[in-house]
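Subject: Structure handover

Hi,

Here is the structure for you to take over. My notes follow below it.

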Amino acid sequence: MNLKHEILLIEDERNICNFIMTTLRTQDYKVTFASNARSGLSLAASGCPDLILLDLGLPDMDGLDVIRSIREWSNVPIIVISARTQEQEKVEALDAGADDYITKPFGTSELMARIRTALRRSNINGSAPVPVENRYEAGNLVIDYEKHLVTVNGTIIHFTQIEYKILTFLARNAGKVITYDTLIAHVWGPFADSNNRILRVNMANIRRKMEQNPADPQYIFTEIGIGYRMIDNENLNLQ
Ligand code: CA
């Protein structure tokens, strides 16, 4: 069961390309690459990669259109590489169907963690029947979905129904950024007010109850202007 995962890299900056390809090959991934959107799309279709790393700033096409185009026919995980720091663009990429993003400059361990998470999530959601996990565990935090029980260091923490819904949605998507709008739609329904004030109030309560220091959270991180990311237990040591 030691099949090599194949990663398609679509990136026009030569030095970033070399850095990523060397890193991935050292980690035993198979890598193909394209330096523009058009050849990237054609390789995505012909090569059936397990994951796509996509630069948003390509010479021939808007990266967001590349994501939309791939999503018309494939659920392959897409991690966006963004040099720009505008939050709006990251939100748009996630809404267009990207699974995650990484902002330049980034380090090897961050890149590898993002890739592992995305690959694992795609295996979970893939066609192979995988049992639904009935618990989430990270550090001292345990969520037992069946019993509706959350404990930190063995102590039971009581949450309101809304807080529990927020917490478990993030936990079931651990490692992945969930945008404010996605979370609001999940908890309050698709027609809820997209103003995230109530969400922020609930998040403050969740953190006060379960984080040792709510101002420096260990379990739920804020991606400013974008959403929240719950810690992925396999990548605990990278935060
Ligand atoms: Ca570029």
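**Calcium site**

The calcium ion is coordinated by OD of Asp12, OD of Asp55 and the O of Gly57, at 2.2 to 2.4 Å. Keep in mind that this is a predicted model. Along the chain, the donors of the calcium ion follow the spacing D-x42-D-x1-G. Asp12 lies in the loop between strand 1 (6-10) and helix 1, and Gly57 lies in the loop between strand 3 (51-55) and helix 3 (63-71), so this pair ties together parts that are 45 residues apart in sequence. Asp12 has a relative accessible area of 33%, so Asp12 is partly exposed. Gly57 also counts as partly exposed, because its relative accessibility is 30%.

**Asp100**

Look at Asp100 next. Asp100 sits in strand 5. Its relative accessible area is 3%, so Asp100 is buried. The side chain of Asp100 makes a polar contact of 3.1 Å with the side chain of Arg229. Leaving out residues up to four places away in sequence, Asp100 touches Ile78, Ile79, Val80, Leu94, Arg114, Gly175, Val177 and Arg229.

**Aromatic pairs**

The structure holds 2 aromatic pairs. One is formed by Phe19 and Phe106: the ring centres are 6.1 Å apart and the planes are at 50°, so the pair is tilted. This pair links distant parts of the chain, 87 residues apart. Phe19 is in helix 1 (residues 14-26), while Phe106 is in the loop between strand 5 (100-103) and helix 5 (108-124). Phe106 is buried, because its relative accessible area is 12%, and the cut-off for buried is under 20%.

Tyr180 and Tyr228 form an edge-to-face aromatic pair, with 5.4 Å centre to centre and 85° between the planes. Tyr180 lies in helix 7 (residues 180-188) and Tyr228 in strand 12 (residues 227-230), so the pair ties together parts that are 48 residues apart in sequence. Tyr180 counts as buried at 14% relative accessibility. Tyr228 is buried too, with a relative accessible area of 3%.

Thr168 lies in helix 6 (residues 161-172). At 12% relative accessibility, Thr168 counts as buried. What lies 3.4 Å from a polar atom of the Thr168 side chain? The backbone oxygen of Lys165 does. Beyond residues up to four places away in sequence, Thr168 touches Ile143 and Tyr145.

**Where to look**

- The calcium ion with Asp12, Asp55 and Gly57.
- The side chains of Asp100 and Arg229, joined by a polar contact.

Best wishes

Conventions:
Residues numbered from 1 in each chain as written. Predicted model: local features only at pLDDT ≥ 70, side-chain atom pairs only at ≥ 80, totals over all residues. Heavy atoms only, no water. Helix = DSSP H or I, 4+ residues; strand = E, 2+ residues; numbered from the N terminus. Buried < 20%, exposed > 50% of the residue type's maximum accessible area, 1.4 Å probe, protein only. Polar contact = N/O pair within 3.5 Å; in protein donor to acceptor, adjacent residues only side chain to side chain. Contact = heavy atoms within 4.5 Å. Phe/Tyr/Trp six-rings, centres within 6.5 Å; stacked < 30°, edge-to-face > 60°. Donors = N, O, S within 2.8 Å, 3.2 Å for Na, K, Ca; no water.
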